[in-house]
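Me: I would like to learn how to read a structure like this one. Can we go through it feature by feature?

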Amino acid sequence: MSERAIRIALPLAVLALGVLAWDVVVRINEMPPYILPGPELVLTTLIDDWPVLWRSLLATLTTTLEGFALAMAGGVGLAVLFNQSRWIELSLYPYAIILQVTPVVAIAPLLLIYLSQEAAVLACAWIVAFFPVLANTTLGLKSVDHNLTDLFRLYGASRARVLWELKLPAALPSMLAGIRIAGGLSLVGAVVAEIAAGASGAGSGLAYRIAESGYRLMIPRMFAGLLLLSVTGIAIFFLLSWLSDLALRRWHESAVTRET
Amino acid sequence: MSVSPASQEPIVTLRGVGKTFGSGTVALDHLDLSVKGGEFLAVLGPSGCGKSTALRIMAGLAEPSRGTVAWAGGDDGRRAHGIGFVFQEPTLMPWATVAANVYLPLKLAGTGWDAAAPRVSETLARVGLSEFANAYPRELSGGMKMRVSIARALVTAPRVLLMDEPFAALDEITRFKLNDDLRTLWRELGTTIVFVTHSVFESVYLAERIVVMTQRPGRVFTELAIDPAGRDAGFRTSAEYASLCRMTSDALSQAMNARTAA
Ligand SMILES: Nc1ncnc2c1ncn2[C@@H]1O[C@H](COP(=O)(O)OP(=O)(O)OP(=O)(O)O)[C@@H](O)[C@H]1O
Ligand SMILES: [Mg+2]
């Protein structure tokens, strides 16, 4: 079997075993669905409730993508700004760190007081997701080969030129690594904020739907929602990995398949 | 041992140049060196004696702590001459193709690709890499990368070429080949070349004049003129080459023992 096939087959086998064990446990103990629904029931719930779940998923996905887009723009933008001005970097970087280390679960209820719900959810998605982009891009912009920098200087390149032609391309691999992390994190941020918002009794996203199902003891629907959320997270991760590989394929060691 | 006659005008002169780094390392101490227009000068010295530092100061990439660097025509003169710099490592942009790497100096000077393309391909042909114009650096061997780096330095047709041990990391066969190519280039283009090396054999093979530096803190120990009867295909194996190498080698070991108080 090829390496690639094994990579796919092994996790799938683990998944199958897990689902089987879950099914067996539920059947042997004759567990009622409001305690632990079996895989079959979760699947039928997913299909039956699809219209509701799908609409909720779209709502969450929209927030996630918006938060992600803002996180990319904010992370890269701030990193470039920091790189151009040491003063700005020294003044603002600590606050970026503070924002990062304060758990978003704790910030979300506060934001919900002052912002509209959509804005608060978006802000949470942004807060969790922008930092990896900022940190990685900052590092990337600083790790330019000194000799290349000297070369640009020798030929009298302007600051803008150096940034555009040298620093940004050199930073691209780490920038993309940050963006890949940010994709999953913006989903986490959106979910956390939705749950917090759900406690206040309003919302339309998938996480809100899960929380609501919990209150109403619709446990199979909770599981179906959770399943959908994980699949979404996995899809985001793979999509971003693929895009990043596509961008770096021609030149970066992380993406090239080495011919030996 | 004879000193080369100062037949041509100096193109750049370092006077009493010293460099002390922030760490307290004195890399250069009172270095006097002048490079004459059109010459092939080798700067020979032990590792860590400040050769790279001297070359960077010459190029304006580092500031001397003491002393002066004077280019014929001042700072504008330096820019007008155009300097090509070849680093010890290839120093290519990994995200750009070979052609794009070679195009860089022209691009930074504002030349559009259409106008630059003929010069880029001509320069690539000169270093024998025409077929690899669209390859990426990682697809090249070490020697090929070095040739790209040299092509990039040549593409602006600089009057002065500063080279920092450009072949140090290469195998002997490739190095010999590139040595010959460089000699040919120098003859054809009339470029002034300052070639930093710690190889006695390489400096004798290439240069017309060798400046031997002392150990750190570096200063000029002596100068040797290399003026063989002929530099044909047999030069590398000739008795004359061997004796020139011996002479240079002796000078280098004297330089290494000359611990002149700084
Ligand atoms: N940026 C720097 N900061 C501090 N010390 C430096 C720096 N660059 C060089 N040095 C020191 O200056 C001395 C001379 O360095 P330089 O690179 O000029 O030597 P070199 O003659 O080119 O050596 P090599 O043949 O090994 O390349 C060394 O002792 C080195 O440690
Ligand atoms: Mg050096």
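**Ligand and helices**

Reply: Start with the ligand. An oxygen atom of ligand 1 lies 2.5 Å from an N or O atom in the side chain of T53(B). A polar contact here is a pair of N or O atoms within 3.5 Å; within protein, one must be able to donate a hydrogen and the other to accept it, and residues adjacent in sequence count only if both atoms are side-chain atoms.

Me: What should I know about the model and the numbering?

Reply: This is a predicted model: local features need pLDDT of at least 70, side-chain atom pairs count only at pLDDT 80 or more, and totals for chains, interfaces and linings use all residues. Residues are numbered from 1 along each chain as its sequence is written, chains are lettered from A and ligands numbered from 1 in the order in which they are written, and side-chain values use heavy atoms, with hydrogens and water left out.

Me: Which backbone atoms does ligand 1 come close to, and at what distance in Å?

Reply: A polar backbone atom of G48(B) is 2.8 Å from an oxygen atom of ligand 1. For a polar backbone atom of G50(B), the distance to an oxygen atom of ligand 1 is 2.9 Å. The protein covers 64% of the 630 Å² of accessible area that ligand 1 has on its own (Shrake-Rupley method, 1.4 Å probe; for residues, only the protein chains shown count as cover).

Me: How many residues surround ligand 1?

Reply: A residue is near a molecule or strand if one of its heavy atoms lies within 4 Å of it. Here 15 residues surround ligand 1, and the closest are S47(B), G48(B), K51(B), S52(B) and T53(B). By class, the shell has three nonpolar, nine polar and three charged residues. Ala, Val, Leu, Ile, Met, Phe, Trp, Tyr, Cys and Pro count as nonpolar, Asp, Glu, Lys and Arg as charged, and the others, Gly among them, as polar. Helix α1 (residues 51-59) of chain B gives the largest share of the shell, three residues.

Me: How many helices and strands does chain A have?

Reply: Helices (H or I, at least four residues) and strands (E, at least two) are DSSP runs, numbered from the N terminus. Chain A comes to 10 helices and zero strands. Its C-alpha trace spans about 75 × 55 × 30 Å along the principal axes.

Me: At what angle do α1(A) and α2(A) pack?

Reply: Axes are lines fitted to C-alpha atoms, for helices over the stretch in contact, and angles run from 0 to 180 degrees between N-to-C directions. Helix α1 (residues 3-28) of chain A and α2(A) pack at about 105 degrees, with their axes 8 Å apart. So α1(A) is roughly perpendicular to α2(A). Angles under 35 degrees count as roughly parallel, over 145 as roughly antiparallel, 65 to 115 as roughly perpendicular and the rest as oblique.

Me: Which residues of α1(A) and α2(A) meet?

Reply: Contact means heavy atoms within 4.5 Å. V19(A), W22(A), D23(A) and R27(A) in α1(A) meet P39(A), E40(A) and V42(A) in α2(A). These residues divide into four nonpolar, no polar and three charged.

Me: How do α3(A) and α9(A) pack?

Reply: α3(A) and helix α9 (residues 206-215) of chain A pack at about 130 degrees, with their axes 7 Å apart. Therefore α3(A) is oblique to α9(A).

Me: Where is the cis peptide bond?

Reply: Check omega. The cis bond joins R216(B) and P217(B), with omega about -5 degrees. P217(B) is in the loop between β8 (209-213) and β9 (220-225) of chain B.
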